[in-house]
Amino acid sequence: RDGSPSNVSLAGVPESESLEYKAVSVLLVLLVCGLGIVGNAMVVLVVLTSRHMRTPTNCYLVSLAAADLTVLVAAGLPNVSRSLSGTWVFGQAGCRAITYLQYLGINASSCSISAFTLERYMAICHPMRAQAVCTVARAKRILAGLWSGTCLYCTLWLFLVDIQVSRGGYVQCGYRVKRELYLPIYLFDFTVFYVLPLLLAIVLYALIARVLYLSPLPGHPDASTAGPERSCPQDGRTARRTGLSSRKQVTKMLAVVVVLFGLLWMPYRTLVLINSFVATPYLNAWFLLFCRTCIYANSAINPVIYHLMSQKFRSAFRQLRRCGRADGVLAGRSAEREAPPQQKRSGSSRKL
């Protein structure tokens, strides 16, 4: 062994030269990344443009969508060009910048998941305190701190990758340091941005489930002790059931996001961990494609979950589509009104 790094990264992976592999890789990545980019962009738009969607939880979901967009653009699209060209085409600066953005998106998405998990725990288990703590302004400050810290931490990757040329002339973006140097970084990333968020989610969602399903919500006494509800018990019970149902639905949706994060990242995280210790790394092209596709799917699937499990997001998505169609119709009518009279009479037969 020459001591050079031999692991798998999102930045550069030796790939199969077969036409079949290239076709499957390009089509699969384009499909998943295309849907993910459109879906996450819609999440950002509906929250930023709809006043009723600006809640603390949705602020964290916007952060998650922005992180997923970064992963899809910085990790997915460069892989398409590499599959088509058979080599790395973005140069040394592109190698460092793209790797930086990849890990920035990955780590920011993990931090965003931990943030909305804590927010849900406060909102469900400590609702009285959450009224002062869980606010949109505070969520923005928390996210600003998370993104600033993640941006600073990920600058480390600017010094760990560089262009490498193999004996056969294959150019790739890979690691420039020995395994002994980048192994602690991998283990730190694996622990802080994967294991700890999952452990935190397991503990907090267990506490949330106990409150939602096994006991009355704190700060929401039952009908036998609620003063205002004695005069109108039916309305009070109905309102409380509606609020509880809404809280359960939001919590279920976010729990699904966390579960899919754990499952879809598991193949890649496990492969990196194993390759960090074995003498001969496992670099099968098809399995690497599977691992990368799982990562892209994790970044692309969250808007689908919101659409399926949240009535508010479904309505906001429909409204956004209607606004887009209405803008197109208005633009067409405006162009028709502004057209010269002779052009309107001649119609499409007139040649310009």
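Reader: In which helix is Ala123 found?

Author: This is a predicted model, in which local features need pLDDT of at least 70 and side-chain atom pairs count only at pLDDT 80 or more, while totals for chains, interfaces and linings use all residues. Residues are numbered from 1 along each chain as its sequence is written, and side-chain values use heavy atoms, with hydrogens and water left out. Helices are DSSP runs of H or I with at least four residues, strands are runs of E with at least two, and both are numbered from the N terminus. On that basis, Ala123 is found in helix α3.

Reader: Is Ala123 buried or exposed?

Author: The classes rest on relative accessible area, with buried under 20%, exposed over 50% and partly exposed in between, using a 1.4 Å probe and protein chains only. Ala123 has a C-alpha atom 9.0 Å from that of Arg247, although the two are 124 residues apart in sequence. With a relative accessible area of 12%, Ala123 is buried.

Reader: How many helices and strands are there in the protein chain?

Author: Read along the sequence, the pattern is α-α-α-α-α-β-β-α-α-α-α-α. Of the 352 residues of the chain, 44% count as buried. The protein chain has ten helices and two strands.

Reader: How are α3 and α6 oriented to each other, roughly parallel or roughly antiparallel?

Author: Axes are lines fitted to C-alpha atoms, for helices over the stretch in contact, and angles run from 0 to 180 degrees between N-to-C directions. Angles under 35 degrees count as roughly parallel, over 145 as roughly antiparallel, 65 to 115 as roughly perpendicular and the rest as oblique. Helix α3 (residues 91-125) and α6 pack at about 20°, with their axes 9 Å apart. The two helices α3 and α6 are therefore roughly parallel.

Reader: What is the angle at which helix α1 and helix α2 pack?

Author: The crossing of α1 and α2 is left-handed, a term used if the near helix is turned anticlockwise from the far one by less than a right angle, with right-handed if clockwise. The axes of α1 (residues 19-49) and α2 (residues 56-85) lie 8 Å apart, and the packing angle is about 155°. That angle makes α1 roughly antiparallel to α2.

Reader: And at what angle do α1 and helix α8 pack?

Author: α1 passes α8 in a left-handed crossing, and the two helices are roughly parallel to each other. Helix α8 covers residues 285-309, its axis lies 8 Å from that of α1, and the angle is about 20°.

Reader: How far apart are the C-alpha atoms of Asn298 and Leu264?

Author: Asn298 has its place in helix α8, where it counts as buried at 5% relative accessibility. Along the chain Asn298 and Leu264 are 34 residues apart, and their C-alpha atoms are separated by 6.0 Å.

Reader: Which parts does the pair of Tyr153 and Phe188 tie together?

Author: A search of the whole structure finds 15 aromatic pairs, where rings of Phe, Tyr and Trp (its six-membered ring) pair if their centres lie within 6.5 Å, and planes under 30 degrees apart count as stacked, over 60 as edge-to-face and the rest as tilted. Tyr153 and Phe188 form a tilted pair, 5.7 Å centre to centre with 45° between the planes. Both residues are partly exposed, Tyr153 at 22% relative accessible area and Phe188 at 42%. Since Tyr153 lies in helix α5 (residues 136-154) and Phe188 in helix α6 (residues 179-214), the pair ties together parts that are 35 residues apart in sequence.

Reader: Which residue lies over the face of Trp265?

Author: A charge sits over a ring if NZ of Lys or CZ of Arg is within 6 Å of the ring centre and within 35 degrees of the ring normal. At 5.0 Å from the ring centre of Trp265, the residue over the face is Arg269.
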